[in-house]
Amino acid sequence: FPTRRSSDLAGIEGASAQSGRRTLAVKLKRRGIDLRHISEILGIESLEAVKKLCAGDPARLGDIVRRII
């Protein structure tokens, strides 16, 4: 499995094709790329699936918490 091997060589534990997709989706969304374009880039037909991938942005959640505290 190419993703697993590449991540092992890079010293990244727990990486998967899905985590790579999620990372790319979140980074594209942060840059203001439209969900439809993200969907095309990732080869995902469902916009709802793309929304779910982008929903868990830990950096954004951290920013929200810092503003509250």
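Trainee: Which residues does S39 touch, leaving aside those up to four places away in sequence?
Mentor: S39 touches I44, E45, L47 and V50, where contact means heavy atoms within 4.5 Å. This is a predicted model, in which local features need pLDDT of at least 70 and side-chain atom pairs count only at pLDDT 80 or more, while totals for chains, interfaces and linings use all residues. Residues are numbered from 1 along each chain as its sequence is written, and side-chain values use heavy atoms, with hydrogens and water left out.

Trainee: Is S39 buried or exposed?
Mentor: S39 is buried, its relative accessible area being 7%. Buried means under 20% relative accessible area, exposed over 50%, and partly exposed in between, with a 1.4 Å probe and protein chains only.

Trainee: And in which helix is S39 placed?
Mentor: S39 belongs to helix α3. Helices (H or I, at least four residues) and strands (E, at least two) are DSSP runs numbered from the N terminus.

Trainee: How many helices and strands does the protein chain have?
Mentor: There are five helices and zero strands, and the order from the N terminus is α-α-α-α-α. Of the 69 residues in the protein chain, 20% are buried.

Trainee: What is the angle between α3 and α4?
Mentor: The axes of α3 and helix α4 (residues 47–55) cross at roughly 95° and come within 9 Å. That makes α3 roughly perpendicular to α4. Axes are lines fitted to C-alpha atoms, for helices over the stretch in contact, and angles run from 0 to 180 degrees between N-to-C directions. Angles under 35 degrees count as roughly parallel, over 145 as roughly antiparallel, 65 to 115 as roughly perpendicular, and the rest as oblique.

Trainee: Which residues of α3 and α4 make the contact?
Mentor: From α3 come L35, R36, I38, S39 and L42, and from α4 come L47, V50, K51, L53 and C54. By class, the contact of α3 with α4 has seven nonpolar residues, one polar and two charged. Ala, Val, Leu, Ile, Met, Phe, Trp, Tyr, Cys and Pro count as nonpolar, Asp, Glu, Lys and Arg as charged, and the others, Gly among them, as polar.

Trainee: How do α2 and α3 pack, by angle and axes?
Mentor: Helix α2 (residues 17–30) packs on helix α3 (residues 35–42) at about 150°, with the axes 10 Å apart. That makes α2 roughly antiparallel to α3. R21, L24, A25, L28 and K29 of α2 meet L35, I38, I41 and L42 of α3. The contact of α2 with α3 divides into seven nonpolar, no polar and two charged residues.

Trainee: A change of topic: how many salt bridges are there?
Mentor: The count comes to two, a salt bridge being a side-chain nitrogen of Lys or Arg within 4 Å of a carboxyl oxygen of Asp or Glu. D34 pairs with R36, the closest N and O atoms lying 2.8 Å apart. The other salt bridge joins D63 and R66, at 2.5 Å from N to O.

Trainee: Why might such side chains pair at all?
Mentor: Side chains of opposite charge can pair when their charged atoms come close. D63 and R66 are three residues apart in helix α5 (residues 58–68), so about one helical turn separates them.

Trainee: How exposed are D34 and R36?
Mentor: D34 is partly exposed at 29% relative accessible area, whereas R36 is exposed at 52%. In the other pair, D63 is partly exposed at 33% and R66 is exposed at 57%.
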